[in-house]
Amino acid sequence: MNTPLSRRTALQAAGATVLAAGLTHLTATAARADDTAAVTPELVTYPRPSAMPTNTSFKVRVRTAPDGEWQTLDIWRPQLGEINPTTGSSKTYNSSLAYFDFQGSVEVEVTYLKGGTTKVRVRPDSYGITPEVLGDTLRFTLDQPRNLVVQINDDIFDCLHLFARAIEKKKPAQDDPDVLYYGPGVHTTADGTLLVPSGKTVYLDGGAVLKATVIFRNVEHAGIAGRGVLAGTAGGGALVESSRNISIGAVTVLNPNGYAVQLGEATGVTIKGLGSFSSKGWGDGIDVFCSSNVVIDGVFMRNSDDCIAIYTHRWDYYGDTTDVTVRNSTLWADVAHPINVGTHGNTDNPEALKNLRFKNLDILDHREPQMNYQGCIALNPGDSNLIKNVRIEDVRIEDFRWGQVIYMKVMYNTKYNTSVGRGIENVYVKNLSYTGTNAKPSLFLGYDAHHAIQDVTFENLVINGLVVADSMKKPSWYYTTDTIQWFSNEHVTNLKFITTAEAEAAAAS
């Protein structure tokens, strides 16, 4: 492995360059100096309560760059799951998590305590982080918030998850009457739940652990904030039902018995910066039922079932699901889908999933042997659901273990559905890339002529560096999908693959 310049050497070189530039561009340099001075380097670390389990594979230190004092981070123990495809049994792995807040630049040092390091990878790959490596220790610098995975020797379970978040700008006072404050330490409630009234914010300070499902039911203008942890909760991490204007911030959900966050008949919900890990069955990340105006932003989800699931009717929830945005996030599905849309609905009074947006996502893994549950992105309407007006943009998919890049099927899965889905309409996919060798053929399957897939466009689809377009060079009798071993059936109409240049030309005409 090539070892880059050390951080100090690089800074010295950069400093010399800036000094030389300053001799001839004094005004510009002064302006840059003023901008730099306005951002004072700052680092905030948090304790892990001694009652919470740790993992011993990594030591992590961080400091403000270039010469701050090193601080050692406490290591938390998320647990991860893997399903045996032959027996159906599951195996649980211990992993590692550390987190801190910062502004300016920080230098991160990770030491692999088990030794024998031969290969290092800092993910997502799109961040382009190439660490300086010396033996079992690696270093790299961050100048903006990142959620990362540090992998040693290709071990995807005994790895380090690192949340480097922005400094909180508005930390509430502990005695604020509108705040339910939980400080560092482990907290419980009598029945394992916490009902939040309207106008109240649950604040989990860094190092706080709350072992209770946080419930928003028939309330408004409430939320969860802070840097603490919801751990081992009996009924999932947070539940939002029949509520509006709810915000959930950058807390971490560890190993809940249920979903990290569940929304039902909710509107105006923002989930920003959440981290989630699960290892149990039905361990979904964020599930959205019959809700509207939902924004999921900057989350990191590593789950033992779907990371993001978007549905209509199930249980006591009824109504369409509309205007849902998932953006700037990292998804890792150890089981099932990173993104799944449409399975559950209302056969007796059909509903729709409309105006869905997925933008700027890194998908790190997907492992699902069952064909019906494959797809890093799956649009699978059942129960008379209609999926309409979907835009997928700037999605980078790294090589995954088992499944498909994208899967669209109008389905009638008798395990979950009482009727076939109505169809999929108007899907635009722009700048979707996949790099790897493990993907099975992506499938596009309408059910019949009346339950079809129509008007799907891929702009700048890149598979292992190949830009896929109807205009690409290929045998005249080939379908475009043949060039990448994808398949669409006769109930898919107006499926198009275009380049960005072709899209721009069409828009200008």
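The protein chain carries 45 positive and 54 negative side chains. Lys and Arg count as positive, Asp and Glu as negative; His and the chain ends are left out. Each charge is placed at NZ of Lys, CZ of Arg, CG of Asp or CD of Glu. The centres of the two sets lie 3 Å apart.

This is a predicted model: local features need pLDDT of at least 70, side-chain atom pairs count only at pLDDT 80 or more, and totals for chains, interfaces and linings use all residues. Residues are numbered from 1 along each chain as its sequence is written, and side-chain values use heavy atoms, without hydrogens and water.

Now the fold. The protein chain has 3 helices and 43 strands (DSSP runs numbered from the N terminus: H or I of at least four residues for helices, E of at least two for strands). Its radius of gyration is 24 Å, close to the 23 Å from the globule rule for 509 residues, so the chain is as compact as a globular protein of that length. The radius is taken over C-alpha atoms, and the rule is 2.2 Å times the number of residues to the power 0.38.

Buried residues make up 53% of the 509; buried means under 20% relative accessible area, with a 1.4 Å probe and protein chains only. Of the contacts with a separation of 6 or more, 70% join residues 24 or more positions apart (contact: heavy atoms within 4.5 Å).

Next, strand pairing, which requires at least two DSSP bridges. Strand 26 (residues 292-297) runs parallel to strand 23 (residues 267-272), joined by 5 bridges. There, T270 partners V295. Strand 26 also pairs in the parallel sense with strand 29 (residues 321-333), over 5 bridges. I296 has V326 as its bridge partner in strand 29.

Methods. Buried < 20%, exposed > 50% of the residue type's maximum accessible area, 1.4 Å probe, protein only.
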